[in-house]
Amino acid sequence: SRAQGSSSKGLGAVFAPPRPWWAFARMAMQVVKQSTFSTNSQQLGHQNAIVPNDAVNMLDEEWALRLVDSTMATRVHLTRPPDNDNELIKVAALYGPPGILAVMRARHEYHWFVTLCFRAIECCLAKGPHGGRLPVLNYCNPVEFSTQMLEIEMIDDIFVLMKEYLHLKEVVRSGLAILEILVIDDLDWRDEVARKGGVALICSVAKQWRHSPNLMCQVMSCISYLAAEDYIEVMFCQHEALGHIAYILSAEQYTNNVELVTRACLALLNLTVCEPHIEELLEKNFVMQILHIFDRHSADLHLVVILCGLLVNFSVKQEARDMLAEGGIFPRVAQAMRMDLGNAVLQVACLKALVNYSMDPGHYELMEQEDIPSLIGQAMVEHSDDSAVQKYGNYCYGHHASCPIL
């Protein structure tokens, strides 16, 4: 027998007219009535939900003709309830990963049910105070929940379902949200995600949903955190992650999306530590795009700091240095330094971006035309007690023979 919810047809299948929507609503209500949960975390028992029979019986064609717009919210809440009405959050919070995993496996053929399970896991992993909105989350420790997920290798089921429903935006969104929380500052989870095929899955999402800015923001964040590990950086580039990022930063429809551009630049920052990856970007003629981003977002302090980091990574290649110097890197860096002379983080980022250029007489002459040596001196005086400013300022003045930036 074929599982409910499948849309594929076997050989010789008869193509019947589509079923009316209220037939599916009736089926969903029956599923709710038959769905079971147990108070025992080790085994799922039977506890019937109460659904009035009148609510099922009224779903006929005559009633459908009397449909009014006010019922839309009711029908949407059946599969997309707010967190306060999502009973699966209680299951996850009270019975932990084993409980919500058992429930998810039992109804995995329904994509809306998988979405609710993913949302429940996401809520239980979220750190910080939950306030009075969802009191049940006070019984759930996010760190312990994450650790237990790791112990039972729950990420396998999450990845399988994300692949199965890769074409459904809401499932993908919830899955990426779980991944982002897990890998944000946990080395064990970064290793687990990479080992279980998470890199290939994230790149598949980027390929299929490249026209969705919200999902791409999540993808870029996941890449940023994971690529902080050198071996995962290599894995991402093997799955063409650089191409996906280059598309985001070059596409006209995303030029004014500051959030997406910032996350993409941060992901690129962690993907350009290895020189071969810089060479790949040179082959894609992408390096000059960084200067265009500089021009569009020159007033965004946080993004400028990230862009200076990218210039540092690019500057290890002579070809990239020559290209950027000719394209006008020095006026842009000088403008960034003048943006806030009192900001030590900004000044260090700019000084790092200039170090490798200061060793070339031709490039240093271009720096002098923009009065950059004077700006370096001002920064060193302004931040006389900041060791990083003094260190890279001295590098720029040539007081050391080499600069181990990376």
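Ring pairs join Y110, W112 and F113 into a cluster, where rings of Phe, Tyr and Trp (its six-membered ring) pair if their centres lie within 6.5 Å, and planes under 30 degrees apart count as stacked, over 60 as edge-to-face and the rest as tilted. The model is a predicted one, in which local features need pLDDT of at least 70 and side-chain atom pairs count only at pLDDT 80 or more, while totals for chains, interfaces and linings use all residues. Residues are numbered from 1 along each chain as its sequence is written, and side-chain values use heavy atoms, with hydrogens and water left out.

The structure contains 4 aromatic pairs. One of them, W112 with F113, is edge-to-face, at 5.8 Å centre to centre and with 75° between the planes. W112 counts as buried because its relative accessibility is 16%, and F113 counts as buried at 7%; buried means under 20% relative accessible area, exposed over 50%, and partly exposed in between (1.4 Å probe, protein chains only). Y392 and Y395 form a tilted pair, with 5.7 Å centre to centre and 55° between the planes. These two tyrosines, Y392 and Y395, are 3 residues apart in helix α24 (residues 387-396) and are therefore separated by about one helical turn. Y392 is buried, with a relative accessible area of 7%, and Y395 is buried, with a value of 12%. A ring also takes part in a contact with a charge: the charged end of R210 sits over the ring of Y247, 3.8 Å from its centre. The criterion is that NZ of Lys or CZ of Arg is within 6 Å of the ring centre and within 35 degrees of the ring normal.

The chain has 24 helices and 0 strands, assigned as DSSP runs (helices H or I, at least four residues; strands E, at least two) and numbered from the N terminus. Of its 406 residues, 47% are buried. The accessible surface comes to about 20,300 Å², and 52% of this belongs to carbon and sulfur atoms; accessible areas come from the Shrake-Rupley method with a 1.4 Å probe, and for residues only the protein chains shown count as cover. Among contacts with a separation of 6 or more, 70% are between residues 24 or more positions apart, a contact being heavy atoms within 4.5 Å.

In soluble globular proteins, nonpolar side chains tend to be buried together. The largest nonpolar core here comprises 126 residues, and those with the most contacts inside it are I100, M149, M220 and F236. Such a core is a set of buried Ala, Val, Leu, Ile, Met, Phe, Trp, Tyr and Cys residues joined through side-chain atoms within 4.5 Å. Helix α6 (residues 111-125) supplies the largest share of this core, 11 residues. Leaving aside residues up to four places away in sequence, I100 touches L88, V91, A92, C117, A120, I121, F145 and M154.

Helix α14 (residues 241-250) has 7 of its 10 residues buried, so it is largely enclosed by the rest of the structure. The buried residues of α14 are A241, L242, H244, I245, A246, I248 and L249. They pack against α11 (198-208), α12 (213-226), α13 (230-238), α15 (258-271), α16 (275-283) and α17 (289-296).

Several loop positions were also examined. E240, in the loop between α13 and α14, has a phi near 65°, a positive value in a residue other than glycine. E240 counts as exposed, at 55% relative accessibility. N285 is found in the loop between α16 and α17 and has a positive phi of about 55° although it is not a glycine. N285 is exposed, with a relative accessible area of 67%. L168 lies in the loop between α8 (155-164) and α9 (169-183) and is partly exposed, with a relative accessible area of 22%. The C-alpha atoms of L168 and H111 are separated by 8.2 Å, with the two residues 57 apart along the chain. Residues up to four places away in sequence not being counted, L168 touches H111 and W209.

The chain averages a pLDDT of 84, and 78% of the residues score at least 70; pLDDT is the predictor's confidence in each residue, from 0 to 100. Over residues 35-56 the pLDDT stays under 50, and the model has 32 contacts beyond four places in sequence for this stretch. Residues 61-67 also have a pLDDT below 50, with 6 contacts in the model beyond near neighbours in sequence.
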